[in-house]
Amino acid sequence: MLRAFPVLEADRLVVVLTPSLGKLKVTVRGARRIKSRLGGHLDVLNRVNLTLALGHRFDVVTGAESAESFASLKGDLDRLAAALYLCELVDGLLPEAAPHPAAYGLLLAALRALDGEVAPESVLRYVELRLLDDSGYMPELQRCLVCGKELEAGHHRYAPALGGTVDDRCVVAAGRVLPLSVDALKVLRHFARSDFAEATRLHLAPELDAELEGILGFSLQHVLEREMGTAGFIEHLRTLRRRPP
Ligand SMILES: [Zn+2]
């Protein structure tokens, strides 16, 4: 489950990500009453088996049984903040009611990794890159997006608005650019060709993680603004990352 907000009286509107139907808004009747039969299972982050009935505006939850509750993750503020950030990111990037099994699998793998011993940094950066890829905005990491030439080690920057790398010579034509170290480029290329388990074995030093967080964060900001006109959304996400709930 990605998000919940109160509606009329004791009802709640809940945003869920499903393996076959994509992102859905569903109503839970009476969820805010203390002894709600369904409400207890429908906690944010939980993986839940849901039974739905066709409703007037939104489908109505008629049954809910928690399948995974990620208790260990919820007991650690850093991991909890990372998981909530990823849920909001998926919620922001995915359109409603369009099947997206890849995003479901990715988010579930991320929650399971954060519930275990895997370092949150590599999980966050890998999921960010994969979500860019899934949204059709995989960053260019081999060539200069202005002149098309292959990059030379040490002579590259990152242009979020263009969607990837540029070389030093083309910086003026590229608009706003960010520094891109050799190590950061190596990590991005490694993530681009790795699956979840392989990518998240990597330990990212704090400085390198901060560089990658900036690069991927600005890329996501461009995609979010272009696709949904949600300026300011990424700022909200950044706040969420910095301030554990
Ligand atoms: Zn160039």
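Donors are N, O and S atoms within 2.8 Å of the metal (3.2 Å for Na, K and Ca); water is not among the atoms, so sites may look incomplete. With that in hand, start at the metal.

**The zinc site**

This is a predicted model, in which local features need pLDDT of at least 70, side-chain atom pairs count only at pLDDT 80 or more, and totals for chains, interfaces and linings use all residues. Residues are numbered from 1 along each chain as its sequence is written, and side-chain values use heavy atoms, with hydrogens and water left out.

Which residues hold the zinc ion? C144 (SG), C147 (SG), D167 (OD), D167 (OD) and C170 (SG) coordinate the zinc ion, at 2.2 to 2.8 Å. Along the sequence, the donor residues follow the spacing C-x2-C-x19-D-x2-C. C144 sits in the loop between helix 4 and strand 6 (156-159), and C170 in the loop between strand 7 (164-167) and strand 8 (178-179), so the pair ties together parts that are 26 residues apart in sequence. Helices (H or I, at least four residues) and strands (E, at least two) are DSSP runs, numbered from the N terminus.

Are C144 and C170 buried or exposed? Buried means under 20% relative accessible area, exposed over 50%, and partly exposed in between (1.4 Å probe, protein chains only). C144 is buried, with a relative accessible area of 3%. C170 is buried too, at 12%.

**The whole chain**

The chain has 8 helices and 8 strands. Of its 245 residues, 47% are buried. Contact means heavy atoms within 4.5 Å. Take the contacts between residues at least 6 apart in sequence: 55% of them join residues at least 24 apart.

**Helix 4 and its partners**

Helix 4 (residues 120-134) packs with helix 2 (residues 77-93). Axes are lines fitted to C-alpha atoms, for helices over the stretch in contact, and angles run from 0 to 180 degrees between N-to-C directions. The axes of helix 2 and helix 4 come within 10 Å and cross at roughly 5°. Angles under 35 degrees count as roughly parallel, over 145 as roughly antiparallel, 65 to 115 as roughly perpendicular and the rest as oblique. Helix 2 and helix 4 are therefore roughly parallel to each other. Residues of helix 2 in this contact include Y85, L86 and L89, while those of helix 4 include V123, L124 and V127. By class, the contact of helix 2 with helix 4 has 11 nonpolar, no polar and 2 charged residues. Here Ala, Val, Leu, Ile, Met, Phe, Trp, Tyr, Cys and Pro count as nonpolar, Asp, Glu, Lys and Arg as charged, and the others, Gly among them, as polar.

Helix 3 also packs with helix 4, at an angle of about 175° and with their axes 10 Å apart. Helix 3 and helix 4 are therefore roughly antiparallel to each other.

Most residues other than glycine have a negative phi.

Now look at G217 in helix 7 (residues 206-228). G217 counts as buried, at 5% relative accessibility. G217 and R125 are 92 residues apart along the chain, yet their C-alpha atoms are separated by 9.3 Å.
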